[in-house]
Structure formats: C-alpha cells, structure tokens
Amino acid sequence: MGFVSGWVSATVGFAAPTALVAITAATYAAAVFPVLNIKLVAVALVLIVAFVHSRNRDTGSGFQLTFTALKVVLILVFVVTALFTTEQLQQMRWQPVGGDTRLITSAGFAVALIYVNYAYTGWNAATYLVGEMGNPQRDLARVLLVGTALVMLLYLALHVTFLLVAPMDAMRGELEIGYVVAGFAFGEIGSALVGIMLAILLISTISAMVLAGPRTLQVIGEDYDLLGWLARTNTAGIPVWALLFQTGVTIALVLTSGFQAILIFTGFTLALNTLFTVFGVVRLRQLKITQPFVMPAYPWPLLIFAVITLWTLGYVAFSQPLEALFSLGIIVVGSILYLLARNRSG
C-alpha cells in the first residue's frame, strides 16, 4: 500500500497538479497575449522550472523561496487594491438561509469540493522533504499547520474579493477568473497587468511540485531494484532521473488532456489516497506503534474527514464515472508495478 501510495503521489499527486497549474498560468498569459499557444507555454514553464531544480539544492530552494514570497505579496496587493478601487461592490449574502442544507448535500456541491481541494494540493509536500530537515519531529507539524493556515487565509481572501468585485455571471465557467475580476476592478490595462502577475505567481506552485515530487520516486528507487534508476542523483544530490520522469509525465498530461478532465480524475485519486492514509493512522494506533506526533481530539478529526471524503467520492463516482475508472486504473497499474518490482528485488 505504501508503494501504491508513492506511485499515486509521484504520477498523479505531483505531475497532474503541475500540469494544471502550468495550463492555468499559460491561460492567464494567453488572455493578455492571445498569440500565445497555451499548451506550448505550459510545457515551456515546466521545462524551465525543472531545469532550475536540476542544478543544485541552493538554486532550487532560493528559486522556490523567492517566488513563494512574491506570490504572497502579490495576492495581498491584489486583494487590497481591488477592494479599494472598485466603486460599487457586489451585494453578497454571507449568512446561510433556509434551503442551504439541500444545496450543501447535493451532488454538485460534492463535485465542487474536488475543485476546492485543489487549492490545497501540496499542503503535505513538506513530508516528502523530511529527510532533509534538521529536526523533523519538531518542525514538520509546525510547517504543515502554519503553511495550511496561511493558504486557507489567502484562499478565502481571494474568493471574498472575487465575489465582491465581479458579478457571478461574469465569472461562471471562466478558468482565468483573476483576469476577469481584474477587468472590473482596474479596467482593461489593469487586467492585463494582473493577468501577467497571476501567471508569474503560479510559477511558485509549479516549482513546489517539481521540488517535492521526485523525492518520492527516489525513495521508491532506493527500495526496489527494478526502479533503481529513479534513485540516481547528480553530483549535487538531486534525483535527476526521478525529476525527468515526473517532468515527462507532466508534459504528457499538458499535451493530451483538458483542464477539467485532469482535475476531476486526479482529485478523485488523491482523495482516495488520502482516505487510505487516514485509515492507516487508525491502524498504526491500534498496533500501538510509537507515535511521534500528538493528535488533538483523536479520533474525531479523522472520522470527520473520512465521512466527508467518502461522501464526495461517492458523488463523483456517480456523476463522473469515466474519471473514477481512470483513477482506479492508476491504482491497478501501481499494484502491478509493485508485484513486478518486488519479484525483481526478491
């Protein structure tokens, strides 16, 4: 199960979100410069970031830190300026009313949670770098909690801004929603500048996935002779073959799949993978294996998460059966690959 989880993380958990973000960044760029080809720009972004992270750790970490800091600053600037420069904010109802319960329990809401979950994709990426932390038992929980809380606050701030600045009908069905909102807040020239800004800030997300994903493949390669080539590193200790493999999968997804298909398929797979991880925590505690971290209010956080995830997966499987079947296919392929790798190593 650990092998399959690593396989899912490397192929779907990192490559697919990287493809999605690259497509989104390219779409923002193409909204400003219509002559650009979205798929070619997305591929170029992936290749450039992969090249940066193939050099050495200092270059990669510096690149990641710079673009992440830039992203946070630009999001805050966008939120503040959009709210204060818009002459007439939209009238929004923030409190629940009668009938909202039926909406929240509908199939449409469940599928929409797949999209919401993608805003937090990578929240656990720090765990893949635990081998490079000085004191993971002290630092890991803090990094995960602080990082996820910051993403949540920025995510909510952006969405409140979107809803207050632009009419909902103008945003419906649009991928480059920040560009649309900027048009209402800043006009045509301002929206072009914001479109470029959003394309640039998404580079940090691509970078984070390219940085963390190959470490999973590297560990798999260290454990299984059949996949030993994935563990090979360059003189700087970078798992370049794992990096090339993930980059190849990412580019293949960019060139062959649409945004929505990738999102639903990978969202379903990752939710299923995370659900089994939660069940694994319960099993480890039943076996009384030493726990390095204390979970407050155990087991309620796990149970609440499991119920919501099962409910979401059920609705997605019913309404999007093809994507669900592809998701199960990835797991089956990983299981077959494990059997081959185990027999070769044995």
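1. Start with a charge over a ring. Arg285 lies over the face of Tyr298, and the distance to the ring centre is 4.4 Å. A charge counts as sitting over a ring if NZ of Lys or CZ of Arg is within 6 Å of the ring centre and within 35 degrees of the ring normal.

2. A word on the basis. This is a predicted model, in which local features need pLDDT of at least 70 and side-chain atom pairs count only at pLDDT 80 or more, while totals for chains, interfaces and linings use all residues. Residues are numbered from 1 along each chain as its sequence is written, and side-chain values use heavy atoms, with hydrogens and water left out.

3. Next, the aromatic pairs. A pair of aromatic rings is described by the distance of the centres and the angle of the planes. Rings of Phe, Tyr and Trp (its six-membered ring) pair if their centres lie within 6.5 Å; planes under 30 degrees apart count as stacked, over 60 as edge-to-face and the rest as tilted. The count by this rule is 10 aromatic pairs. One of them joins Phe3 and Tyr224 edge-to-face, at 5.1 Å centre to centre with 85° between the planes. Phe3 belongs to helix α1 (residues 2–32) and Tyr224 to the loop between α9 (203–223) and α10 (240–256), so this pair ties together parts that are 221 residues apart in sequence. Helices (H or I, at least four residues) are DSSP runs, numbered from the N terminus.

4. Buried means under 20% relative accessible area, exposed means over 50%, and partly exposed lies in between (1.4 Å probe, protein chains only). Ring pairs also bring in Tyr338: Phe3, Tyr224 and Tyr338 are linked into a cluster.

5. A second pair is Phe78 with Phe186. Their ring centres are 6.2 Å apart and their planes stand at 70°, so the pair is edge-to-face. Distant parts of the chain are linked here: Phe78 is in helix α3 (residues 57–85), Phe186 is in helix α8 (residues 177–201), and they are 108 residues apart. Phe78 is buried, at 5% relative accessible area. Phe186 has 27% relative accessibility, so it counts as partly exposed.

6. Now the surface. Which residues make the nonpolar surface patch of about 500 Å²? They are Phe33, Val35, Leu36, Leu70, Ile196 and Ile200. Patches are made of residues with over 30% relative accessible area and no salt bridge: like charges are joined within 9 Å, nonpolar side chains (Val, Leu, Ile, Met, Phe, Trp, Tyr) within 5 Å. Accessible areas come from the Shrake-Rupley method with a 1.4 Å probe; for residues, only the protein chains shown count as cover. Leu70 sits in helix α3. Its relative accessible area is 34%, so Leu70 is partly exposed.

7. Salt bridges follow. Side chains of opposite charge can pair when their charged atoms come close. A salt bridge is a side-chain nitrogen of Lys or Arg within 4 Å of a carboxyl oxygen of Asp or Glu. By that rule there are three salt bridges. Asp100 meets Arg93 at 3.4 Å, N to O. Asp100 is buried at 17% relative accessible area, while Arg93 is partly exposed at 48%.

8. Another salt bridge joins Asp139 and Arg142, at 3.0 Å from N to O. Both residues lie in helix α6 (residues 136–165), three residues apart, about one turn of the helix. Asp139 is buried, with 13% relative accessible area. Asp169 and Arg172 also form a salt bridge, at 2.7 Å from N to O. Here Asp169 is exposed at 61% relative accessible area, and Arg172 is exposed at 57%.

9. Ala306 is buried at 8% relative accessible area, and Thr309 is buried at 8%. Contact means heavy atoms within 4.5 Å. Not counting residues up to four places away in sequence, Ala306 touches Leu275 and Phe279, and Thr309 touches Ala271 and Leu275. Phe279 is placed in helix α11 (residues 259–286). Its relative accessibility is 40%, so Phe279 counts as partly exposed.

Note on methods:
Helices (H or I, at least four residues) and strands (E, at least two) are DSSP runs, numbered from the N terminus.
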